[in-house]
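The sequence and the model are shown first.

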Amino acid sequence: MDNFRRHLVDSSKSMAPLKAWQLQDVGFQAAQRVLAAPPTQSLRVLRDLSQNIPQQARSLTKIAVEPQTRREIAANQKSLAQLGVDPGDNVFLLNGLVIALEDTDPFVLSKTLRDEAQLSEGLRRVGVVDLTIAKRLLALDLRRQSDAFGVDLHGDAVRYV
């Protein structure tokens, strides 16, 4: 009921333009609103915000952003900068793989999803259920040549190559 009353009060005000200082943190405030939503509603809140940001900007400016949210966003921007992604750019990551959407069609994306699911299933089959170990294994750079060893997870038995 309070949210509805707040909505009526906000919508009854004239559409006066917001000041630049009010818009400075609107992205952080939108993220905070999504994070504050119940898990079952967070996707709906994200959709509503992304589709109606001009209408909801005034109410967003009243949201206080938690320091933890600011730190997490800054850490994400720093790690994405290492991949060449600037703040405000879009990127599609799948288990740490950068997927170039302009070069990817639905069939290639479907194959990539199947390959990643097969990799995850292979890790589970050999007993890697601890997320920290799985993250370390998935973070390995397997593209470079190495004289060390590799693990083939395609069969039932693990083979060291």
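Helix H4 spans residues 42–51; helices are DSSP runs (H or I) of at least four residues, strands are runs (E) of at least two, and both are numbered from the N terminus. The buried residues of H4 (under 20% relative accessible area) are Val45, Asp48 and Leu49. These three lie on the same side of H4 because they cover an arc of only 100 degrees around the axis, taken from the directions from the helix axis to the C-beta atoms.

The model is predicted: local features need pLDDT of at least 70 and side-chain atom pairs pLDDT 80 or more, while totals for chains, interfaces and linings use all residues. Residues are numbered from 1 along each chain as its sequence is written, and side-chain values use heavy atoms, without hydrogens and water.

Helix H3 (26–36) and helix H5 (53–60) are among what covers the buried residues of H4. Beyond its neighbours within four places in sequence, Leu49 is in contact (heavy atoms within 4.5 Å) with Ala30, Arg33, Val34, Gln56 and Leu60.

## The whole chain

The protein chain contains eight helices and four strands. Their order from the N terminus is α-α-α-α-α-α-β-β-α-α-β-β. Of its 161 residues, 17% count as buried.

Technical notes
Buried means under 20% relative accessible area, exposed over 50%, partly exposed in between (1.4 Å probe, protein chains only).
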